Amino acid sequence: MTNRTRPIKVYIFITCLVDTFFPEVGESMVKVLNDLGVEVDFIEEQTCCGQPAFNSGYQNDARVVAQRFLSIFEKALNNDPNKETYIICPSGSCTSMVKVFYEELFKNSPETLKKVARVKESTYEFSEFLVKVLNRVDVGAEYNGVITYHDSCHLLRELRVKDSPRELIKSVRGVEFREMEMHDACCGFGGTFSIKFPNVSVSMLDEKIECIVNSGADTVVSADMGCSMNIEGALSRRKIPIKVMHLAQLLASRGKNGI
Amino acid sequence: MGFEEVRFEKNSDKAIQNKPLQKALVNVTDRFRTARNKASKEVSDWEELRSAAREIKKNTIANLDKYLIMLEEKVIKAGGIVHWAKDAHEASQIIVKIANDRGVKLVVKSKSMATEEIELNSSFEDAGIKVVETDLGEYIIQLAGEHPSHIIAPAIHKTKDDISALFSEKLGVPHYEKPEELTKVARERLRSEFLNAEMGVSGANFAVAETGTIVIVENEGNARLTTTVPKIHVALVGIEKLIPKYEDLSLFLSILARSATGQKSSTYVSFITGPKSPTDVDGPEEFHLVLLDNGRSGILASEETRESLYCIRCGACLNICPVYRHVGGHSYGGAYSGPIGAIITPQLMGIDKASELPFASSLCGACHDVCPVKIDFPKVLLELRKNVIESKKLGINSGKDLIEKLGIRFWRFTVEYESIYKITNKLSYYLQIPWKRSNGKLNALPYPFSRWTDKRDFPSVAKKTFRERWKEIKAETG
């Protein structure tokens, strides 16, 4: 961190998937941030950003939940005027809900749009925050393995984040990075899409798994647990011994003696 | 549209089982996509061109009434006749009447999605008029009695062997092995049809308001023959195909060819302004322009989804779409497929007739990135999803709808209150035990989650959620 007049404080936005199914991803993110000397806080009232309802067409339900999210985080941003405050999320999809789709959801309510603007400017996806705000690509991680990276659709195409995760992965000691074919193709998750059209979803997933396997990697890293649980679901069902990791978990790795 | 209600899931399940189709889809979409990517990179200001094209389309559609009148005046001035068709039925009636009034027995057609949309061929056949498709792909699917499965490559679902068998069966020719031999058969058959046809029917890629010119791009030369050899030329054109100025064509022709096939320019570009003039050697004696609404003015009225009308039918969104790649064109029901089909078919047919289509996307956004007029597909799909849900508000249409609605209500109830959210997670932890396997994953869950676990494992709810761990983390790190 260079030339900052105010210390940084981060409020972590833990997605409902991470909270419920993958708490270790949240822990890893906290570890990486703490190790970089960043103050981290978690507001326990937070639950969900509203994306599941929004993507399913239930905009009224989504609005109620999104309003709740906005109130909680807007309040938090005003807690410490002496600090540079951010909201950091370990998911490209949930971050894009806040940064891109809230404007759509609240387009008819100017009052809420003000809140959206305030929250949006302070919200970053985890990898983008490390590289673009903290200017760090080497976070002191060590991991022995061959890694390939799956671009999650919303991180790549809604938030336009392509290089940051790759730079971070390549800076991990012990890692050999291999780009897979069709790295930017959807894995077939798509939220409720995966259970509305399971055969289409799995057909897309089959092709993604093929690309992962063909890359020769022993670990596939992603920055979204939606994609990861889909990819891991197929790998584990088919007993393919490739490990699935969230970027935060990789960056929290400290070699043999660490986690 | 006369198409039946779209059953996307049913159609796509069938398509996924069809191995030759799967192979063909991967081959063709890969080839088009690679060509398009290369062609778009050859132009240094590609992004600016896209923005400029979008801006022109936006202004045109916003002032469509003005430009349509201008187009009509110019076409009439050039000696053409203009017809307005409010829907598919009316458009078919107009075109069949033109043929009947002039005793037409044979019609040749060049490739046109609008004629597919109104199912013109069946109207001709009902009237006892023979109609022959002259685009090779369209010729093949007409012989097979099918609909196109791709906007620019209508027969991509057919393999060489399929076509060989089809030609042999329908045309009585030997089983040819080579594509050149098959093409030769089609060419010979079509030449005589061109020479004998009394009427040619085409679509148009663009209609220029200030000159009354319709523009057709193609690579086979059949559209040029269709529009010049027969005595009568009828062009069916959707009202969204307008562009204001002749000079805009250089931009649109470039982005269309590059986006569609990766060509710098299509092999044939025909500019048609009215019928043959007294000084022309060739050309039709009559030129009819049929302007088709068929739901387009309804789309125009919806500010949220209006950009659906900017489409120039290049097919780039199909070639990049991971869903289209796995389900093919016929899964989308109507004339249009892929992302563009998912957004326009429900708007043209009525949302109740294609209510699955706005959901037939993972919202990956790849289509938005390649669209030459930057249609924001995810935004439009989300808006249409909202419309589907709102249209069902009063009555739940099926058991599936009921489960979904209850699911969303339950989800909202849990995430609105942190205490209930925590209790739900705790309950889920214990409820999942019967399905939990030794690897910690869930397997064989009941409906609707079975739709996940039939082919994939599902993660289990953590013993301690993140929020429960947070207190410990805080204690450790101070």
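Trainee: What makes a residue of chain A count as buried, and how many do?
Mentor: A residue is buried if 20 or more other C-beta atoms, placed from the backbone, lie within 10 Å of its own. Of the 259 residues of chain A, 61% count as buried. In chain B, 48% of the 478 residues do. Bear in mind that this is a predicted model, where local features need pLDDT of at least 70, side-chain atom pairs count only at pLDDT 80 or more, and totals for chains, interfaces and linings use all residues. Residues are numbered from 1 along each chain as its sequence is written, with chains lettered from A and ligands numbered from 1 in the order in which they are written.

Trainee: Why is chain A called as compact as a globular protein of that length?
Mentor: The globule rule is 2.2 Å times the number of residues to the power 0.38, and the radius of gyration is taken over C-alpha atoms. For 259 residues the rule gives 18 Å, and the radius of gyration of chain A is 18 Å, so chain A is as compact as a globular protein of that length.

Trainee: What makes A:Asn199, A:Val200 and A:Ser203 meet residues of H1(B), and which ones?
Mentor: Two residues are in contact if their C-beta atoms lie within 7 Å. On that basis, these three in H11(A) meet B:Ser12, B:Asp13 and B:Ile16.

Trainee: How do the boxes filled by the C-alpha atoms come out along the principal axes?
Mentor: Roughly 50 × 45 × 25 Å for chain A, and roughly 90 × 55 × 50 Å for chain B.

Conventions: A residue is buried if 20 or more other C-beta atoms lie within 10 Å of its own, exposed if 12 or fewer, and partly exposed in between; C-beta atoms are placed from the backbone. Helices (H or I, at least four residues) and strands (E, at least two) are DSSP runs, numbered from the N terminus.
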